[in-house]
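Please consult the sequence and the coordinates alongside the text.

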Amino acid sequence: MKEKQTIIYILSNQRSGSTLIENILSKSSQMVSIGESYLLGGHIQKTGPGGTWDWNCSCGSSMEICEFWKKVYQKLGVSDPMQIKNTQIDSPKGKEGANQKKINEEARSLMNQVYKAVFEITNCDVLVDSSKEAFYGTSLYQNSPFDFKFIYLKRDLRAVSISRDKWRKKYNKKDMSLLKLLASNYLHRLTCRSMLKNVKKEDVFHLKYEEFFKNPQQTLDDMSNFFGFDRYEVPEYMELNDDHTIAGTPNRFKRTKIQYDDRWHSVAKKHPLFNGLGYILNKLG
Ligand SMILES: [Zn+2]
């Protein structure tokens, strides 16, 4: 057992492979993943992102009857899960600022209790939270009662833009040009960078999605050294087995071989301006 329980928080953009990394980490018997806790309140209340899978837990049960989450509510002393309304922490702005601070403090305290409950239920000493959100993660980090660490996961901005475009079309969202998506993804990167200024360097593991696929085992070994969990073999497939995670890529329900998906390259080549600009923005870090 470790002296202090560890939280591994995955900070990343959408469509950057956070579900894959979370899923790989959950295959260690020492680690448990709860998915995106930022959306826990929303999944219980059935509101916000998650409608595609009816806000169910990844085990397929609703958040109300899932055996794992029922144990968590019990530990929290909550008789009706509908009492859990919000687990989000967002940047306080303008007139509503004072009120938002109060909401944030409540969500923060609730989340620390959720983490504690999950540790008690599972006997794991490392918990993976793949919420991605920068403000949320860095808020939970400050004065955390746990050994709170980050994986800052970055993927080629062009791949992220093309993937987001594909999913936006699938869900009939308003059309956004690839260049606009690229700009928004770069801005997200700048936000992450500025948020990480409040985090000690030794608490951040930098991970490039593309680098991971060059040598998955070496990357996992590096993580094992960094976070202090025991070494294990990279699984061959991304799959759910006895996982009770919140949200993630809609692809997570089918068993998929873990391999680099290079299909975005051919799309990028058809858009030279986007391709060139994306290349430069990636270099900027
Ligand atoms: Zn479940």
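Two strands are taken to pair if DSSP finds at least two bridges between them. Helices (H or I, at least four residues) and strands (E, at least two) are DSSP runs, numbered from the N terminus. The model is predicted, so that local features need pLDDT of at least 70 and side-chain atom pairs count only at pLDDT 80 or more, while totals for chains, interfaces and linings use all residues. Residues are numbered from 1 along each chain as its sequence is written, and side-chain values use heavy atoms, with hydrogens and water left out.

## The sheet

Five strands form an open sheet in the order β2-β3-β1-β4-β5, with parallel pairing. Its edge strands, each pairing on one side only, are β2 (31-35) and β5 (204-208). From one strand to the next the twist averages 25 degrees; here and below, axes are lines fitted to C-alpha atoms, for helices over the stretch in contact, and angles run from 0 to 180 degrees between N-to-C directions. The parallel strands β2 and β3 (residues 126-132) are joined by four bridges. Within this pair, V32 stands opposite L127 of β3. Helix α9 (residues 216-227) packs on the sheet and touches β1 (6-12), β4 (147-154) and β5, where contact means heavy atoms within 4.5 Å. The direction of α9 makes about 170 degrees with that of β5.

## Helix packing

Two packed helices are described by the angle between their axes and the distance between the axes. The table gives these values for two pairs.

| Helices | Angle | Axis distance |
|---|---|---|
| α4 (residues 97-122) and α5 (residues 134-141) | about 70 degrees | 10 Å |
| α6 (residues 157-170) and α11 (residues 272-283) | roughly 130 degrees | within 8 Å |

Angles under 35 degrees count as roughly parallel, over 145 as roughly antiparallel, 65 to 115 as roughly perpendicular and the rest as oblique. Helices α4 and α5 are therefore roughly perpendicular to each other. Their contact involves N104, R108, M111 and Y115 on the α4 side and F135, Y136, S139 and L140 on the α5 side. These residues comprise five nonpolar, two polar and one charged; Ala, Val, Leu, Ile, Met, Phe, Trp, Tyr, Cys and Pro count as nonpolar, Asp, Glu, Lys and Arg as charged, and the others, Gly among them, as polar.

Helices α6 and α11, by contrast, are therefore oblique to each other. Here L157, R158, S161 and I162 of α6 meet F274, N275, G278, Y279, L281 and N282 of α11. The contact of α6 with α11 has five nonpolar, four polar and one charged residue.

## Cavity and pocket

On a 1 Å grid over the protein atoms alone, a cavity is a set of points where a 1.4 Å probe fits but cannot get out, and a pocket is an open set with protein on both sides within 12 Å along at least five of seven lines; lining residues have an atom within 4 Å of a point. Grid points are joined across faces, edges and corners, and a volume is the space filled by probe spheres set on the points.

The structure holds one cavity of 30 Å³ or more. The volume of the largest cavity is about 80 Å³. Its lining has 13 residues, of which N13, S16, L153, K154 and R189 are the closest to its centre. Elements giving two or more residues to this lining are β4, α6 and α7 (178-195), and the largest share, four residues, comes from α7. By class, the lining of the largest cavity has five nonpolar, five polar and three charged residues.

The second largest pocket holds about 360 Å³ of space. Among its 16 lining residues, D156, K208, E210, N282 and K283 lie nearest its centre. Two or more residues each come from α8 (209-214), α10 (264-269) and α11. The lining of the second largest pocket divides into three nonpolar, three polar and 10 charged residues.
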